[in-house]
Amino acid sequence: MSTNFSEYIQAFEKTLKSVFHERDDINKFSSQRGFPPLVMREVMSGNPLSVAIPENYGGRGIKVKECLGILASAAYESLPLSLTFGINIGLFLEPVAKYANEIVKKDIFQRFLTKQNMGGLMITEPDHGSGALNMQTSFTEKDDRFHIKGTKHWQGLTGLADYWLITSRHQKQDGQLGRDIDFFICDVTQKNQQVVVEEYYDNLGLYMIPYGKNKLDLQIPKNFKLNPETTGIKMMLDILHRSRMQFPGMGLGFIKRLMDEALNQCKNRIVGGKSLISYDQVQFQISKIQSAFTICSAFCSRSSTKSSIENDLSADGIEANSVKTIVTDLMQESAQTLVQLSGAKGYRLSHIGGRGIVDSRPFQIFEGANEMLYTQISEMVIKLMKKKKEFNLFQFLKNFDLTTKASEFFKKQTDFSLNTDLPQRKLVDLGRAIGRIVSAGLVIDLAEKGFRKDLIENCLSSLQQDISNLIYSYHNSSKITSVDEYQDGSSWLEFS
């Protein structure tokens, strides 16, 4: 694969434009379940997944910059298509390239290149969503095979993928499950490896990706187990953190499309004798989308140097969680803004804004719900602060590598002593603020590389406003709780 990447991506974008705009109406088939086979065949004709296959197996070499470029170009036209690529790249091909037995790689990569195969990842279970360490899918070992039994659900590409990476825990002789987690490659075309789809879910958005409930009773050959460098849990963290650091590719293309649509709408829509874009509030709303675009650009630049499979990302939870949460929040906020700016026509499944709201919403939930990840950011920061015996938030941020450059921008907001015993709602507020300070640091890095100055300045001002609001919320001592038995005395009819 020797084609220059700029030529390669241009050819890919030309194919997407031809398929989605000139021959088929994406707004029409985006409201139907599944990708039309002919559309998918043409999209895959240029082997876009070759970016995640090593050069010695015929691919383009797993350069993160190229992987993010493919995700961004796809997301500009179709977020579900980009997520399909993201699942294949971040949750199957890269883990296989890094951890699979050399004996099995050749056939897998060959089938991706020549037969347009696809692969996904099975972690989540009906009774154990984010609590992956409590999963009940188990395996036993006999002769040269692993016998896997369990139930998984909400896997993207359910019933469609040719390969699955399946997580499982070892069942000991006494029936107890081991603490560690192992990964196995399942090839559904082989005997005793068929995944039984018990139910397809009526997912609210991402219509083109099938999701469902999968029953497992599989016999996996010994060579098809991934080989962790230390423990399976560390391998899982490395895989998930790398995947989270590729979210900016999907987010960038999606937000760029929303930004272009918003600018086009507001320049051409006349209200009260003048264009929408001349109104101050509209300017502010568009600037928020442009700020989101700038932050995603900064994340892409960072990920392209940081998230290579050569690097171990298992300990990079603060950065990976910050990237995933901020990008996905920005995706949802930008879609909501475009719908608001588009008026009634935006509130349609066939409109990129309306569709964008339901398509981007699950990004805030899967691979760790954002509230949970914000909590983890705060917990990891507090742990580091205790270790360094530094409890002034500004002083900590000043000496923390991810926030050193941005710390002075937010000294006024962060120069206080942090209470390390916080309720969860405060951990979430603090995590939201820290994630945005991490973002600001990466935006400053992007500025130093020569990125457009006015976009950088607007973005930092926007982040400053957001962080001020979040720190205010953190300091607010309100202890509002839910009212369980609310029925008595709560009917307005009795008092009217």
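With which residue does D329 form a salt bridge, and how far apart are the closest N and O atoms?

Author: In this predicted model, the partner of D329 is R432, and the closest N and O atoms of this salt bridge are 3.6 Å apart. D329 belongs to helix α10 (residues 317–342) and R432 to helix α15 (residues 424–448), so the pair ties together parts that are 103 residues apart in sequence. D329 has a relative accessible area of 6% and is therefore buried, the cut-off for that class being under 20%.

This contact belongs to a set of 24 salt bridges in the structure. Another of them joins the side chains of R242 and D238, at 3.0 Å from N to O. R242 and D238 are four residues apart in helix α7 (residues 232–244), which means that about one helical turn separates them. Both R242 and D238 are buried.

The salt bridge between the side chains of D454 and R452 has an N to O distance of 2.7 Å. Here D454 is partly exposed, at 35% relative accessibility, and R452 is exposed, with a relative accessible area of 55%. Salt bridges also link R302, K306, D316 and E319 in a network.

Other charged residues form a surface patch: D484, E485, D488 and E494 make up a negative one. Of these, E485 is found in the segment after α16 (453–475) and is exposed, its relative accessible area being 68%.

Key. Residues numbered from 1 in each chain as written. Predicted model: local features only at pLDDT ≥ 70, side-chain atom pairs only at ≥ 80, totals over all residues. Heavy atoms only, no water. Patch = residues over 30% accessible without salt bridge, like charges linked within 9 Å, V, L, I, M, F, W, Y side chains within 5 Å. Areas by Shrake-Rupley, 256 points an atom, 1.4 Å probe, with all protein chains shown as cover. Salt bridge = Lys/Arg side-chain N within 4 Å of Asp/Glu carboxyl O. Lys, Arg positive; Asp, Glu negative; His and termini not counted. Charge placed at Lys NZ, Arg CZ, Asp CG, Glu CD. Helix = DSSP H or I, 4+ residues; strand = E, 2+ residues; numbered from the N terminus. Buried < 20%, exposed > 50% of the residue type's maximum accessible area, 1.4 Å probe, protein only.
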